[in-house]
Structures are given as C-alpha cells and as structure tokens.
Amino acid sequence: MDQTASIVKEHHDAIINAIKSVVQRDWRILIVDDVSKKIIDSSVKEDDILNVNIANIQEIEEPRDENSGMDAIYILSPRPHIVECLILDLAKGRYRNSTVLWTGILGRELRARLAAAPQKIDSRPLLVDFFPRESHLVSFKDPYSFPILYNPSCEAVAMPHLDALAQKIAAVCITLGEYPKIRFFAPRNNEYRASALCGRLASLVQDELDAYKQFKGDFPPQTTRPQGYLLITDRSMDLMAPLVHEFTYQAMAHDLLPINEGDKVTFHMTVNEGTPEAEEKDMELSDKDKVWVENRHRHMKDTIEKLMSDFQNFLKQNPNFTNQTQDTTSLNAIRDMLAGLPQFQEMKEAYSLHLTMAQESMNIFQRRKLPDVASVEQTLATGLDEDYKKPKDILEQMVRLLDDEAITWVERLRLIAIYVLYRDGVITDDIDRLLNHAALQPAEKVKITNLQHLGARPTRKLKEERKPHPPLFPRTQVKNPADEDNFLSRFEPAVKHMLEDLFSNCLDPAIFPFTRPPTDGGAADGAMTTGGSLRSAAPRWASANRRQVENRQRVIVFVAGGATYSEARICYEESEKRNRDIYLVSSHMLTPQLYLRQLEDLSMDRRRLGLPMDRPQPKVPEHFYAKPKPPPQPMQQPPAAAPSAAGPVHPPTQAMGAMTINSGTAPAHAAGSGARPPVPPAGKTEKPVKEKKKRNLFGLKKS
C-alpha cells in the first residue's frame with residue numbers, strides 16, 4: 001500500500017497548520033495539558049512544533065513563571081478543571097495575548113463558564129481528539145468503552161458516552177476532510193439491550209458532522225475524490241474474531257507475547273545479547289519501523305522466510321561481515337551474527353527485534369500445541385472442516401484438547417466459548433461439565449454466559465428447539481487447492497465480508513441502512529462498482545503528473561467495543577485490493593486475553609468497574625491559588641571604607657567584640673570602634689580584594 005495516505009500525517013498536519021494559523025510570524029509559548037500532550041505526541045515531534053515559531057512548550061497544570069511580554073497559544077482538552085486553569089491564567093495576566101485551540105467539542109456548561117469569565121479569549125475548535133496508531137488505524141485508547149456499552153448496570157452513563165464517541169468519530173472524518181455517507185449495523189436479532197447501539201451512534205455522528213458543516217461553510221474541502229463512506233458497527237457483529245487464533249505476524253505477536261500498549265506500543269527485549277554492550281530496552285513497534293510495516297500482515301511462516309531472506313541478501317551485499325562456516329539458515333544463528341554488526345546499529349536493532357519476536361512466537365506456537373488447537377477452532381468458527389464439509393466428532397476432538405496439559409487455561413476457555421457460539425447455545429449443565437473437564441474454575445463460566453449481552457445465545461433449556469439465525473453474510477465456501485498451506489486460517493472476520501459487499505454494491509440495506517437515504521433511492525453507487533477513484537476512469541494523460549493516492553475514495557470503519565488486529569489486517573488488504581483507503585477506527589484494540597477479561601466485567605456492578613467518571617475528578621492544582629512570592633529584597637551593601645595612611649597592622653579586636661550573631665562581619669573601621677583598617681606591609685602594593693557573596697550564619701548563600 002502507498003504509505004503516503006496516512007491518518008498519522010493528516011493528524012500531524014491538522015495540528016501544525018492550526019498552530020501556524022495562530023502564530024504566523026510571531027513567537028509564542030505553547031501551553032498543553034496532560035491529555036492534549038498525549039494527543040499531540042501521537043503524531044507530532046517536539047521539533048516540528050518548535051520549528052513553527054514556538055519558543056517553549058509548557059504544561060498548564062505545572063507551576064509556570066509569568067511572562068506578560070509573550071503571546072501564548074493553548075492546545076487544551078475540554079475538561080472542567082482545565083477550563084478553570086485557563087480562566088485563572090487569564091485573570092493573572094500570565095501572558096500578553098492568548099488563543100486557545102480545543103482538541104474536542106467544548107460542552108455547553110464549559111462554554112458558559114468560559115463566556116462568564118471577565119477576561120475574553122480567542123477560542124477555536126481543533127478537533128483532533130483521537131490517537132492515530134498506524135497509517136490506517138485509529139484508537140481512542142478507551143477500554144472502558146466496552147463495559148459502558150454492554151454492561152446493564154452502566155445504563156446511566158451509556159448515552160453521554162455515545163455522545164463522546166460520536167464527537168471523536170466526527171473528529172476523524174473532519175481531520176480527513178470527509179463528509180461521508182453513513183451506514184450502520186442493524187442486527188436482525190433486536191432482543192438484546194445493545195442492539196440499537198450502532199443506529200443511535202450513527203445518528204449522533206450525522207448530527208455532529210451536520211453541525212460542523214453549518215459552523216464551517218467550506219467543509220468539506222473541494223476535491224475530485226469520490227464521497228467517502230462511514231460504516232458504524234460494533235463488537236456484536238462478530239463475536240468469533242477476538243477468540244480465534246490468527247497467525248499473521250502482528251496479530252499473533254499481540255496474542256502470545258508481552259507487548260505493552262501504553263503511550264507507545266513496545267516490546268521489551270535484550271539488545272546486543274551476549275556482548276559487553278548488552279542492555280534491556282523497550283523497542284517501539286510503529287510505522288517508523290519499516291521492517292514491521294512490511295511484515296506485520298504476513299502469515300508468520302512467510303514473515304520468518306522474509307526476515308531470513310532479507311538478512312541473507314544483506315550478507316551477500318556485505319561479505320566482510322561473515323565467514324563461509326557460519327550457519328545462516330536458522331533464526332538463532334542469524335540473531336547471534338547480528339550481535340557482531342555494530343556498524344549497522346539501526347538495521348541490527350530492527351532485525352534483532354523481529355527475529356526475537358518471531359522466534360518467541362513460534363516457540364509458544366509449538367509448546368502450546370497451537371496447530372492442534374487452531375485446527376479445531378477453524379472448524380468451529382467456520383462450521384466446516386478442512387475439506388469444507390460438515391464436521392464430524394468435533395466435540396470429541398475438542399475434549400481431547402481440553403485434557404492435554406500442554407494446552408493453557410486461556411486456550412481451553414477460548415475453545416469452550418467458540419464451541420458454545422458454534423452450537424448457538426448449550427444447556428447450562430454442559431458448560432459446567434466442559435469447564436470441569438478442562439480443570440477451569442466455575443467462576444470462568446460468567447465469561448461465556450455474558451456473551452448474551454452482545455447478542456449471542458450461550459445457554460438454552462433442555463429440549464428447547466431454536467430456529468438458527470440466518471448467516472449475516474451468506475457465502476458458499478469451496479475448497480481451493482491454493483489454500484492448502486493456510487488451512488489454519490480459513491476463518492475470515494465479518495468486516496471482510498462487509499467490505500466485499502459494500503464494494504460489490506450488494507450490502508443489505510435492511511441490515512446496513514443509511515442514516516440519510518441516498519437521493520437515488522438506493523441505486524447502484526458508481527464510485528463503489530468502478531473499482532477505483534474517479535481519476536482511474538480518466539484518460540492516462542490526465543494523471544500523468546499527479547499521485548493517484550490523492551484521489552482514492554476513503555472508507556472509515558468504526559467498531560464500537562474494540563477491534564481486533566485481524567480486522568486491521570483486512571482493512572489494509574482490502575485497501576490494496578480495491579485501490580481505496582480504508583481506515584479502521586475503534587475505542588481500543590482487543591487481544592483475546594483482554595476480550596475475556598472484559599466479558600467478565602459485563603456482569604459486574606458498576607461500582608466495582610472503576611470507570612473514569614466514577615473516580616474523583618481532577619482538580620485545579622493548589623499552586624494556582626497560592627499568593628505570589630514577594631519580589632526579592634535588594635541586599636544591603638556595607639559602607640565603603642575611608643582611605644587611610646599606611647601604618648603598622650592592628651588586629652580588629654574592638655570590631656570583633658562589637659559583632660552580634662545577626663550582624664554579619666562588621667566594618668573594620670565602624671564608627672565609634674576606634675579601630676583602623678589594616679594596611680599592607682611596607683614595600684608591598686595592596687591587591688584588589690574580590691567582593692565575596694554574603695552568606696548567612698550557616699554559610700549558605702542568601703536567596
């Protein structure tokens with residue numbers, strides 16, 4: 001994929017251009033808060049900010065000196081205590097003139113509070129309240145979104161949360177310059193509480209975009225790009241994807257390895273292992289790592305082959321770094337060789353990182369017997385065996401795995417959950433028997449039964465007859481000889497089928513209705529069926545000097561309740577295949593372990609969840625109310641000594657006797673002392689004495 005199309009770059013440019021529009025040719029101080037700083041840091045380097053006439057960057061919650069001779073620009077998150085900090089800054093006249101850019105929508109109460117302040121300020125919306133993770137992946141970094149949306153005890157905070165989600169989704173569209181057609185997932189099964197979630201959210205996003213267009217008349221900007229699409233779905237559309245093992249590099253690594261997803265995505269490892277330069281280091285996984293970008297969506301087998309092939313090509317190009325007796329066909333041997341290449345530090349660290357991650361993933365793959373686990377998973381998730389036929393004896397195959405000590409408790413629980421979904425529910429006693437057979441605690445049962453809050457039917461009564469739900473995306477699967485090597489990857493996330501139907505113009509309008517019915521009454525969308533942008537239909541000479549990526553249609557897929565790395569991969573692959581830019585947006589990224597933990601949260605009382613809105617809210621720091629320190633008093637200088645004639649030296653005994661504990665050193669010829677200043681011996685010229693800084697009783701410098 002052409003990486004010039006990047007939400008990271010669009011986010012970066014939106015922030016930098018907003019600063020430029022305020023700063024122009026003047027120098028200013030930039031003030032941020034703890035949240036807005038993280039948003040900025042997700043796409044903008046500090047040097048990029050300092051290069052646009054920003055003299056300094058400060059945090060509003062931290063103590064700062066007044067600088068009434070400088071203008072300031074604030075980039076702040078719209079929170080009550082931050083608004084109060086801003087008002088106090090203005091009241092103190094901390095800066096000469098100020099402009100504030102808000103990362104999100106300033107609520108009605110906060111707008112009223114700011115308007116009531118005596119000091120007025122130039123206040124503008126910036127609307128960049130999201131975190132671009134990759135070129136086509138956006139996260140809101142809000143895992144609490146899952147229990148808020150699906151836990152029945154969170155009903156009171158669900159609607160305010162949907163409002164916040166709508167504003168963030170609209171911010172992504174606005175940053176991309178898109179005023180898209182909006183379609184949303186409307187499940188046939190409307191018997192569960194969250195079934196109307198996507199429809200309500202889509203309506204709120206439509207309102208936000210309409211309001212922004214009314215506020216900013218030139219939105220969306222003029223372009224020859226076809227109008228984009230926003231598809232709003234939620235986790236209930238695909239309950240299998242977070243449970244099934246995915247063996248592409250990125251998804252497998254996040255599933256099996258201890259990858260830290262904080263402000264940055266990092267993997268902890270030992271760099272230069274086995275050498276005196278060995279050190280522990282957190283290695284970042286981002287679009288800046290070209291090896292990661294090139295390999296993250298490959299099947300792990302292909303990733304390892306590519307890493308080894310690339311390294312062997314490097315050795316051919318640099319024969320001085322190896323000898324003919326060294327083994328270059330195993331991961332461990334290559335890692336050892338990399339430790340001896342200090343001349344190529346960046347390349348060495350990148351390949352060491354990915355060879356280490358690949359090796360550790362494959363070790364776990366073999367140790368936990370994941371090929372056997374995945375074979376059963378794929379049959380359960382697709383409903384077909386490896387020969388694409390209805391499976392036989394699948395329960396017996398699964399039970400044998402539940403008995404195997406090499407299979408971890410997480411894999412066992414995932415297998416049982418997938419089996420329950422495959423069966424469209426089993427009697428409660430059967431779940432208990434499976435858990436007992438797998439040597440799992442009875443408390444794990446709630447993680448399976450809570451799937452009901454996402455529209456599943458995990459339990460049924462004895463002899464209850466159920467009419468099965470029709471498949472969401474009907475497909476006729478036929479065995480393809482080319483897929484022989486990928487029999488452990490037969491399952492495809494529902495997002496893939498949704499995008500295929502969208503681009504084929506056969507996405508069911510009853511299941512994916514528009515928020516605003518198309519003016520053509522639902523006729524075929526030419527931009528969807530042409531397989532490319534408007535420019536792709538133009539004569540070749542028309543685009544000879546222009547990049548095609550500038551004209552590609554955009555599709556934004558939002559998954560409420562968390563998205564998976566397999567769904568991210570699908571969006572990249574379909575972008576490449578369809579010559580479009582498909583962006584995956586979600587509240588947070590799910591791993592199987594996190595998904596199981598969050599399923600447990602759905603039956604927990606809200607008071608035990610520790611939701612952000614239920615915690616003590618941040619307050620204005622105390623230093624804002626502290627009285628300003630008085631200006632330092634000028635130090636008293638000793639009176640100048642009167643000149644005297646040269647004579648014999650007399651000890652200043654009387655002057656010393658006149659000293660008090662608070663007086664410091666008295667002048668040698670203080671009035672009334674009768675003492676004379678010392679004179680140098682005859683024949684010597686007096687050297688100028690350097691003035692010493694006054695010190696207090698304990699020898700400390702006066703402040």
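Predicted model: local features only at pLDDT ≥ 70, side-chain atom pairs only at ≥ 80, totals over all residues.

A: The axis of a helix is here a line fitted to C-alpha atoms over the stretch in contact, and the angle between two axes runs from 0 to 180 degrees between their N-to-C directions.

Helix α14 spans residues 370-382, and its axis comes within 9 Å of that of α16, the two crossing at roughly 15°. Angles under 35 degrees count as roughly parallel, and α14 is therefore roughly parallel to α16. In passing α16, helix α14 makes a left-handed crossing. On the side of α14, the contact is formed by Leu-370, Val-373, Val-376, Glu-377, Leu-380 and Ala-381, while α16 contributes Glu-411, Leu-415, Ile-418, Tyr-419 and Tyr-422. By class, these residues comprise 9 nonpolar and 2 charged, with no polar residue.

Between α14 and α15 there is a loop, and Asp-393 is found in it. Although Asp-393 is a residue other than glycine, its phi is positive, near 55°. Is this residue buried or exposed? The relative accessible area of Asp-393 is 54%, and the cut-off for exposed is over 50%, so Asp-393 is exposed.

Helix α15 covers residues 394-403 and α16 covers residues 409-422; their axes come within 10 Å and cross at roughly 165°. Since angles over 145 degrees count as roughly antiparallel, α15 is roughly antiparallel to α16. Here too the handedness can be stated: α15 passes α16 in a left-handed crossing. From α15 the contact draws on Ile-394, Leu-395, Met-398, Leu-401 and Leu-402, and from α16 on Arg-412, Leu-415, Ile-416, Tyr-419 and Tyr-422. The residues of this contact divide into 9 nonpolar and 1 charged, and none is polar. Leu-415, Tyr-419 and Tyr-422 of α16 take part in the contact with α14 and also in the contact with α15.

The axis of α11, residues 300-317, comes within 11 Å of the axis of α13, residues 345-367, and the two cross at roughly 145°. The crossing of α11 and α13 is left-handed. Helix α11 supplies Met-300, Ile-304, Leu-307, Asp-310 and Phe-314 to the contact, and helix α13 supplies Met-347, Tyr-351, His-354, Leu-355, Ala-358, Ser-361 and Met-362. Among the residues of this contact, 9 are nonpolar, 2 are polar and 1 is charged.

A single residue within a helix can be followed in the same way. His-161 has its place in helix α7, residues 155-176. The relative accessible area of His-161 is 7%, and buried means under 20%, so His-161 is buried. Apart from neighbours within four places in sequence, His-161 is in contact with Asp-142, Ser-145, Ile-148 and Leu-149.

Some of the loops also deserve attention. Ala-186 sits in the loop between β8 (181-184) and α8 (197-215). With a relative accessibility of 21%, Ala-186 counts as partly exposed. The C-alpha atoms of Ala-186 and Ala-196 are 7.0 Å apart in space, the two residues being 10 apart in sequence. Once neighbours within four places in sequence are left aside, Ala-186 is in contact with Ala-510, Ile-511 and Pro-513.

Pro-220 has its place in the loop between α8 and β9 (229-234). The peptide bond that leads from Phe-219 to Pro-220 is cis, with omega near -5°. Asn-53 belongs to the loop between α3 (46-50) and β2 (54-59). The phi of Asn-53 is positive, about 65°, although Asn-53 is not a glycine.

Finally, the chain as a whole gives these details their setting. The chain contains 24 helices and 16 strands. Of its 703 residues, 47% are buried. Among contacts in the chain with a separation of 6 or more, 77% are between residues 24 or more positions apart. The chain exposes about 36,800 Å², of which carbon and sulfur atoms supply 51%.

Notes: Residues numbered from 1 in each chain as written. Heavy atoms only, no water. Helix = DSSP H or I, 4+ residues; strand = E, 2+ residues; numbered from the N terminus. Buried < 20%, exposed > 50% of the residue type's maximum accessible area, 1.4 Å probe, protein only. Contact = heavy atoms within 4.5 Å. Areas by Shrake-Rupley, 256 points an atom, 1.4 Å probe, with all protein chains shown as cover. Parallel < 35°, antiparallel > 145°, perpendicular 65-115°, else oblique. Left-handed = near helix turned anticlockwise from the far one by under 90°. Nonpolar A, V, L, I, M, F, W, Y, C, P; charged D, E, K, R; others polar.
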